[in-house]
Amino acid sequence: MLTNHLIADLGRLPDHYLHGRVTGVLGMMAEIGGVQRALSVGDRVTIIARGNKRILAEIVGFKGERALAMPFGTLEGVGLGCKAEVAQTEAVIYPHDSWLGRIVDCMGDPIDNGGPIYTGDLAYSLRSPPPPAHTRQRVAGKIDMGVRAMNQFLTLCRGQRMGIFAGSGVGKSSLLSMIAKYTSADVIVIGLIGERGREVQEFIHEDLGPEGLARSVLVVATSDQPPLMRRQAAMTTLAVAEYFRDQGKDVLCLMDSVTRFAMAQREIGLSVGEPPASKGYTPSVFAELPRLLERAGPGQVGSGSITGLFTVLVEGDDHNEPISDAVRGILDGHIVLERTIGERGRYPAINILRSVSRVLPGCNTDEENAIIGRARQLLSAYEDMSEMIRLGAYRPGSDARTDEAIRYYPLLEGFLGQGKKERADLQEGYGQLAAILNSGGVG
């Protein structure tokens, strides 16, 4: 079998190369001359630096009669006249079932010291378009996330795409790790985009653990890597998810975070000369976001689905900043994590009243909707008077609706809170919530 894969790899080598020369270097860009008419945006070149060091780069634009190449590494050792080798190959990866349990980089190469990995027979483009909208299956069939707050109040269906919006340190990674360990999805594909190196190890060994890793593929690009690698890691994550979707699997795609993908695209755009727009983000950022996020979703008839959860790092806890606003308009719902809830000691710190799943209430029975609606009414009534209650300014008996909400609130908060090592069952959750609502609350 290994011999067959080696033969297949040799067959993918290009039959000829073109060579140009480096004519200029400015910042993160190298200008390539001599072969610019044979190049287009997205093509790959290899720059031969001093010491025969080979640096892979991507064509990101043109200036005059020169092609602008951005490297996947650094430009150290690159000078005028260095050879630029043009390979007639597309930006593709070759996923394989054996990638489960492995950690790869944006090129699909293993980085977990687990030895080489097999490559599949089919090429998956890093920029493949989503299936045509009219050929896709409908979003349907609940998927158990293993988290009570999401299962009951923000129910997800197979093929749905949700955003997780939160500031730094509010518990995004912990929530993702709980979902990865406890979800009922067949396969999990996790993209860690622009993460700190220390947090990558903690996520893998402490949060995800052997159980979660066994049915996952991790694609990692840390914050110190060049913007092209961070951007491509997000695309590789979707390409791997598409491979398993085409095998008929229900895939859960977790990406942390879309914001860092947007930041990487902003760096690329500014280097090429794009004008900054909203908060410094270039127009290409807002063009690339839907192209990336629309790739998740239900597949065509006969294939599986990609259920997407994409985290958004809101700057300064401003949930209306440009990336949050753009992503919220693309996805099928949003989960809001609030710092004040975490400071009260309740995790996951999900604000139920500010979060929305657009498949609700259509995916539930009338009885389930009645349970959730009643619980939401009680939470809303409490939040309307929360400041007065905490200050001691509310007098019991002033409002029957508020009095009822005060009795139920501790029980509902206890239901929404969940430890990282605690798994919640989707169907059992409705019974637990109904029992709370039938208990009469606490005095």
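**View 1. Charges across the predicted protein chain.** The protein chain carries 47 positive and 52 negative side chains, and the centres of the two sets sit 3 Å apart. Here Lys and Arg count as positive and Asp and Glu as negative, with His and the chain ends not counted. Each charge is placed at NZ of Lys, CZ of Arg, CG of Asp or CD of Glu. A word on the model: it is predicted, local features need pLDDT of at least 70, side-chain atom pairs count only at pLDDT 80 or more, and totals for chains, interfaces and linings use all residues. Residues are numbered from 1 along each chain as its sequence is written, and side-chain values use heavy atoms, leaving out hydrogens and water.

**View 2. Around Gly417.** Look for Gly417 in the loop between helix 12 (400–416) and helix 13 (426–437). Gly417 counts as buried because its relative accessibility is 16%, and buried means under 20% (1.4 Å probe, protein chains only). Leaving aside residues up to four places away in sequence, Gly417 touches Arg148, Arg346 and Tyr347; a contact means heavy atoms within 4.5 Å. Ala349 is 68 residues from Gly417 in sequence, yet their C-alpha atoms are 8.0 Å apart.

How values were computed
Helix = DSSP H or I, 4+ residues; strand = E, 2+ residues; numbered from the N terminus. Buried < 20%, exposed > 50% of the residue type's maximum accessible area, 1.4 Å probe, protein only.
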